[in-house]
Amino acid sequence: MSVATYRAPRRDLALLWHQVRYEQLSFWRNPQSAFFTFVFPVVIIVVFGALFGGSGRSSYFNGLSALQYYVPTIAAVSVLGSCYSQLAIVLAMRRQNGILKRVRATPLPEWTYFLGLLAHCVMVSAVDVALIAGIGSLFGVPLPTHWPALALALVLGAASFCALGVAVASLIRNSEAAPAVVQLVLFPLLFISGTYMPIHSSALDRIAGALPVRPFNQALLGPFAQHAGVDWKSLSVLAAWGAAGALVAIRRFRWDPRPE
Amino acid sequence: MRTYMTGTAEGAARVAVPARSAAPAAVVVAGLRKSYGAVQAVRGVSFTVRHGEIFALLGPNGAGKTTTLEIMEGFRTADAGRVEVLGYDPGDRARGRALRERIGLVLQDIAVEPYLTVRETIARNAGYYPAPRDVDEVIGLVGLAGQERKKVRNLSGGQKRRLDLALGLIGRPELLFLDEPTTGFDPNARHEAWDVICGLRGAGVTIMLTTHYMDEAQALADRVAVMAGGQIVAEGTPSDIGGRDTARSRIRFALPDGYTTADLPVDGVLGEGQVSVETAEPTQALHQLTGWALQRGMVLGRLTVDRPSLEDIYLRLTGDGTRIEGSIR
């Protein structure tokens, strides 16, 4: 048949890297995306550091110090920002102004485009988490020691929230509505998931535990709280949400600004 | 930036371009139909684009040009009919990559990432193709030399359009779709773009063009088809479409003071202060008219002889009955 059949996998990998590089370039050049993914979580952790820097372990924070609790949850916020929020908004915008339609007209395979975005988001998330952990250590929060568990939670979380971001972008019609819709979904979710204050209600815990943000918080809390082992239960809930998001994205994602 | 030679006066001899593949035609469209709800946008359109030619689709807004083009480009699926582009079905995404490596697109609306530079944008797309053109060569070709390091968001509308054209060319396409490529260009930029397009034809590229500008179709196209109301109402070369080659000539001049059209040796119609004479025998009619004027020691002011322009034919073909909406730019 065609040349495509015999295309070396190495060339496809090179193409993926090529795509990631240009996604990175677009991202770092855009002051708005850099602000929301970096400045916001950094400001919060600095403010929390100033507020709680001196406080020790307490039962309110489940036996952790306040900052030991907030470093992983704010790190989760930064991952949500760069994967879920940013991706949904950027894709809705790129669709609206016709950029996606053009991408689809090139030989770049669709999966390479999305894998490129995913890899880009994971990289940005890693920088984000490192930044938050670094600032936390300035306020005396020890760096996590269980790196494989942290890396697993980070990559799985980033991938799941990317899938959910693409799913939301698939359901939004116009890009002006995107930031509002994204925040409308995220904001209450953060509050019931213990991001800004620990949850001490078993009913709320159960509800939030079945939604995506709480499990991600839990999966990140472990490595930061120096617990050994992987929180498989949380990771599987997260993965299920990621799979659901991917399913919606695959079925509903549109490239063309005008519906057919 | 005259990289390629101009040279498309009407009727100028065109270099025959050898077909690149054994396929009989670059594009075959047969019995194409497409409706949006109750609106029939395309109603049984058929045409063929031969390898190496520039084929222009003309028509007012809403005539179905863009829908036809978007089905050929694989963005939309037809309700009925057959479309073959370089031997592929453009709606078949599974085999689409091989097709998209061989075609280039310049769409109607400008859409490029705002934060990359001109060079980065072109280099990124170059990476998508197996044998792309040289990035700097393309930058020169579309007239963006000196702007390479400029961010896309800081480009003017015309410059963005050139960048769009660059993205259409970077993959070394065999077939290029140009949807109103020079809309928004100033006259100089348009002529430069025409030079580029003629140069591409010289290099063997087949071009499928839509345009609102009759002079553009006249200057570029080997063949044109006029669409109105979702159908092709005429097809031919720019010089013979709609019976243009056999149409009667028109002689126009100012009626001398003190005379009426009844005094003239030929039949004429008075309108807008000018007499207009339509004739199949312009030499004879002119001889009679000028003889008549010379005998009386008069001058026929503002004397012109012409044939209906492509625009006249176009306006007649797409006239009120079939015009759906919008204006003709």
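Before I start on helix pairs: a helix axis here is a line fitted to C-alpha atoms over the stretch in contact, and the angle between two axes runs from 0 to 180 degrees between N-to-C directions. I also jotted down that this is a predicted model.

**Entry 1: helices 7 and 10 of chain A**

I looked up helix 7 (residues 147–171) and helix 10 (residues 213–224) of chain A, and their axes come within 8 Å and cross at roughly 160°. Anything over 145 degrees counts as roughly antiparallel, so helix 7 of chain A is roughly antiparallel to helix 10 of chain A. I noted the crossing of these two helices as left-handed.

Which residues of helix 7 of chain A meet helix 10 of chain A? I found A:A149, A:L150, A:A153 and A:G157 on the helix 7 side. Their partners in helix 10 are A:F216, A:A219, A:L220, A:G222 and A:P223.

**Entry 2: helices 4 and 7 of chain A**

Next I checked helix 7 of chain A against helix 4 (residues 66–96) of chain A. Their axes are 8 Å apart and the helices pack at an angle of about 25°. Under 35 degrees counts as roughly parallel, so that is what I wrote down for helix 4 and helix 7 of chain A. Their crossing is right-handed.

From helix 4 of chain A, the residues taking part include A:V79, A:L80, A:C83 and A:Y84. Helix 7 of chain A answers with A:G157, A:F161 and A:C162, among others. The class tally for this contact came to 15 nonpolar, two polar and no charged residues. A:G157 turned up in my list for helix 10 and again in my list for helix 4.

**Entry 3: where chain A touches chain B**

I then moved to the contact between the chains, which takes 22 residues from chain A and 21 residues from chain B. On the chain A side, helix 1 (3–6), helix 2 (9–29) and helix 5 (99–105) each supply at least two residues. Helix 2 of chain A gives the most, with six residues. Sorted by class, the chain A side has 10 nonpolar, seven polar and five charged residues.

**Entry 4: chain B on its own**

How many helices and strands does chain B have? I noted nine helices and 13 strands. Of its 329 residues, 40% count as buried. Among contacts in chain B with a separation of 6 or more, residues 24 or more positions apart account for 70%.

Last, I looked up the domains: chain B is divided into domain 1 (27–102 + 173–241) and domain 2 (248–306). Taken over C-alpha atoms, 42 Å separate the centres of domain 1 and domain 2 of chain B.

Definitions and conventions:
Residues are numbered from 1 along each chain as its sequence is written. Chains are lettered from A and ligands numbered from 1 in the order in which they are written. This is a predicted model: local features need pLDDT of at least 70, side-chain atom pairs count only at pLDDT 80 or more; totals for chains, interfaces and linings use all residues. Helices (H or I, at least four residues) and strands (E, at least two) are DSSP runs, numbered from the N terminus. A residue is buried if 20 or more other C-beta atoms lie within 10 Å of its own, exposed if 12 or fewer, and partly exposed in between; C-beta atoms are placed from the backbone. Two residues are in contact if their C-beta atoms, placed from the backbone, lie within 7 Å. Ala, Val, Leu, Ile, Met, Phe, Trp, Tyr, Cys and Pro count as nonpolar, Asp, Glu, Lys and Arg as charged, and the others, Gly among them, as polar. Domain bounds come from an automatic or database domain assignment. Angles under 35 degrees count as roughly parallel, over 145 as roughly antiparallel, 65 to 115 as roughly perpendicular and the rest as oblique. A crossing is left-handed if the near helix is turned anticlockwise from the far one by less than a right angle, and right-handed if clockwise.
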